[in-house]
Structures are given as structure tokens and as C-alpha cells.
Amino acid sequence: MSDANNLMKTVEKQSAHVFAMIEPMEHEQVMFFNDKETGLKGIIAVHNTVLGPSLGGCRIWNYDNESDALWDVLRLSRGMTFKSSISGINLGGGKAVIIGNPKVKRDEAFWRRFGKFVDSLNGKYITAEDVGTSTEVMSIVMQETKHVTGKPISAGGTGDPSPSTAYGVFLGLKASVKEAFGTDSLEGKKVAVQGVGHVGHDLVGHLTKAGAKVFITDINKVNLEATAKEFNATVVGPHEIYDLDVDVYAPCALGATVNSDTISTLRCAVIAGAANNQLADENLHGQMLLDKGILFAPDFLINAGGVINCYREVHNLNEAETKQHIENIYTRTLDIFKKSKTEKIPTQEAAIKMAVERIEKAKANK
Ligand code: NAD
């Protein structure tokens, strides 16, 4: 058999695998891109555009293999559909991943080529910054496409979305405290924040201002020490964070930190943080938390401040309109808790149901 035939056979196998992954998650479109000259290689996934154009950040990551990259972009774009839907904004879910080392600095040609690929989708996908990209990168991408958000303020964008994300997380956390304790006052409440990077740092600021006693951990010493000093927060070790006798655990570093191991040690009444995909297994761990009486604030609901910021750029919203969208996170979080109680389902499931209901309704009205 010739090389070409061998290659064809591999491609056939892989494409069957691709559809096996896409179909259950119901993606509308997946685009693979490859540019030999710049070494750019990646995937854009458009999950759902019923409510509006799909929007989601562009992540650059050293994936172990291509299946991991595909899985990541499919999972993240689906999450964006739910995030925008539940936030009441008119955007669909999309995401881009670029395969490569995020620490390597790429040149202008690389990012312009990415911009061209985004542009080729004619607005069906709008990009933004994510892990390994930045507002500066977006200012290069925008030279090739208008379908870009998270641009620097100097380029007419809204800049770093983290302060908006932190504010939304703070409001979602407050609503969760209200549900668990009957009042949303944070005076004297003990909160454990895991990860004090962009979002975690600002969240600690909101929490201490509201009178909470904050415990922090981070594997980055610079971030840890700076935040501890600025807000007089108590530093704990990376594993100790799960064992603390606190009211709230706020994951602001990584996904999947709420799992069978940590649920057995966590002593908090509430989990509310910024990290995406906090539940290692959406169904299993959502139910475990419900059984254990720990109230979980769905991450894609309370960390939507960043995408709301991007929405501002797409629809030219003013500051007050944007703030209102972010502040709606408080009541929507309470609505989710109500739905969870009424339907006797985990909060994550209730949030997904509410997001899907809005999309189905919009589809029926089209
Ligand atoms: P960041 O990279 O600025 O901060 C993350 C921090 O977590 C870093 O300081 C890092 O050292 C720390 N960290 C990593 N692993 C850790 C560990 N095992 N234990 C303790 N600390 C650890 O990221 P960010 O922008 O602040 O985002 C935080 C989380 O929120 C991420 O999961 C991100 O996907 C999510 N999120 C961010 C935004 C946003 O607007 N930035 C929006 C939505 C969701």
C-alpha cells in the first residue's frame, strides 16, 4: 500500500473519531487550521449560535496530543454556550485552541495568521484572550479581523476582563452566603481562596473590604506574598486549603479541584469561585455536594463577568449597562438555588437546564 493510501486510512480513522466526539455535544462547526509558514496549528469550535455569534477566548497550550486539544476546545466552547445563555446575553458559545508552548513568544505574523482564520468564519466566531494570550495579542489579531474582543483600552477595547470577573464572582459568592446563612453579610465570614492571580487577587480585595477573614494559597510565591501583604490575608499551604474550617471555599486557580477526594475533606458550607469546570465530574460531584449539604455556585454562572465585558465590545454597551449585566449574577444565582431545591437536582444541573431552556425558547421563536 502506498504512503498516500496509508495516510488516507489514518485520516479516515481520525475523522470518524472527530464526529464521535462532536455529535454528542451537538457542535455546529469545528474548524482545524494549519499554517506551515508561521507554525500556527489549532482548532476553532463553534458550539451553538442560536442566541448570537459564538464567542470565547483563544487558548494556547502544550497539549499532549491532538485528541486532548480537540476535547478541550469542544468542552470549553460548550461551556461558553451555557455561560452566555444563563447570563442573559445574546451570544453563542465558541472557543479556539492553538497547539503549542504558551511560554514561547510568537511574532506578529503568527497572530495575524490566526486573525485571518478567525475572519474566514465571517463573524460566526468572535475571539478573545484566554490562557497564553493577552490584550496585546488581540491588538495584533484585530489587524486581520473585526471579530475580536478583549482588546486593549488604547485600541478601543475594554482591556483585562479579570476585574469584571472578580466582581461577578464576589456577587455570586454573596448570593450563595445568603442562601446558606440567611444573610449575605460577609462580616466575619471565613473564606479560603485558592489562587490569587488576576481574578483571585481582586476577589480577595472585595472580600476583605466586606469584612471577611480571608485565607489564601498559591503556588506562585510572588502573587501569594503580594496579595497577603496588600489585604492582610492569612497564607496557607496548597493542600491545607481543602482542610480549613471555613464558611466558603473559592477555587480561583484550576478546574476539577472539587472531586471525590476533596469533597470528603472540605468543611465549608459554600463553594463559590472563578475557576472554570470546578467539578471533576459534573454529575457525580454535583450530586455528592448536594448529599453532603455543601452549596455549589455553578462556576459558569458566577464567573461570567469576563464574557459580559466582551459582550460590551460587541454591542457597544455603556458602563452602566455592563455593570447591570454583571450585577444580575446575584439574583440569577439565587434563582438557580431555588430551581435546584424545587426540582431536587444539583445546582450545576439546574444551571445547565436554565441555560438550555433559554436557547430552546429562542429556537422555537425563530
Ligand atoms: P491567573 O493565571 O492570573 O491566576 C491563577 C493563579 O492560580 C496563579 O497565581 C497560579 O499560580 C495559581 N495556581 C495555579 N495552580 C495552583 C495550585 N495548584 N494551587 C494554588 N494556586 C495555583 O488566572 P486568572 O485569570 O486569575 O483566572 C483564574 C481562574 O478563573 C482560571 O481557572 C480561569 O480559567 C478562570 N476564569 C478567569 C476569567 C478571567 O477573566 N480572567 C474569567 C472566567 C474564568
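This is a selection-by-selection tour of the model above.

The model is predicted, so local features need pLDDT of at least 70 and side-chain atom pairs count only at pLDDT 80 or more, while totals for chains, interfaces and linings use all residues. Residues are numbered from 1 along each chain as its sequence is written, and side-chain values use heavy atoms, with hydrogens and water left out.

**Domains**

Colour 25-74 + 95-155 as domain 1 and 162-359 as domain 2; these bounds come from an automatic or database domain assignment. The C-alpha centres of domain 1 and domain 2 are 27 Å apart. Between them, 10 residues of domain 1 are in contact with 6 residues of domain 2, contact meaning heavy atoms within 4.5 Å.

**The largest pocket**

Select Arg59, Val131, Cys252, Ala253 and Asn276, which lie nearest the centre of the largest pocket among its 50 lining residues. A pocket is found on a 1 Å grid over the protein atoms alone, as an open set of points where a 1.4 Å probe fits, with protein on both sides within 12 Å along at least five of seven lines; lining residues have an atom within 4 Å of a point. The space in the largest pocket is about 1800 Å³, a volume being the space filled by probe spheres set on the points, which are joined across faces, edges and corners.

Where does the largest pocket lie relative to domain 1 and domain 2? It lies between them, because both give residues to its lining. Show β4 (58-61), α2 (66-86), α5 (162-181), α6 (198-209) and α11 (305-315): each supplies at least two lining residues. Helices (H or I, at least four residues) and strands (E, at least two) are DSSP runs, numbered from the N terminus. The largest share, 5 residues, comes from α2.

By type, the lining has 22 nonpolar, 19 polar and 9 charged residues. Here Ala, Val, Leu, Ile, Met, Phe, Trp, Tyr, Cys and Pro count as nonpolar, Asp, Glu, Lys and Arg as charged, and the others, Gly among them, as polar.

**Met80**

Stay on helix α2 and select Met80. Met80 is buried, with a relative accessible area of 9%; buried means under 20%, exposed over 50%, and partly exposed in between (1.4 Å probe, protein chains only). Beyond its neighbours within four places in sequence, Met80 is in contact with residues including Leu55, Lys95 and Val307.

**Asp35**

Go to strand β1 (residues 29-35) for Asp35. Asp35 counts as buried at 12% relative accessibility. Its side chain makes a polar contact of 3.1 Å with the side chain of Arg113. A polar contact is a pair of N or O atoms within 3.5 Å; within protein, one must be able to donate a hydrogen and the other to accept it, and residues adjacent in sequence count only if both atoms are side-chain atoms. Asp35 also touches Leu40 and Phe117.

**Asp119**

Select Asp119 in helix α3 (residues 108-119). Asp119 is partly exposed at 29%. Which residue's side chain is joined to that of Asp119 by a polar contact of 2.8 Å? The partner is Thr145. Asp119 touches Glu144, Lys146 and His147 as well.

**Two loop residues**

Finish with Glu26, in the loop between α1 (3-25) and β1, and Asn232, in the loop between α7 (221-231) and β9 (234-235). Phi of Glu26 is near 65 degrees, a positive value in a residue other than glycine; phi of Asn232 is near 55 degrees. Glu26 is exposed at 61% relative accessibility, and Asn232 is exposed at 68%.
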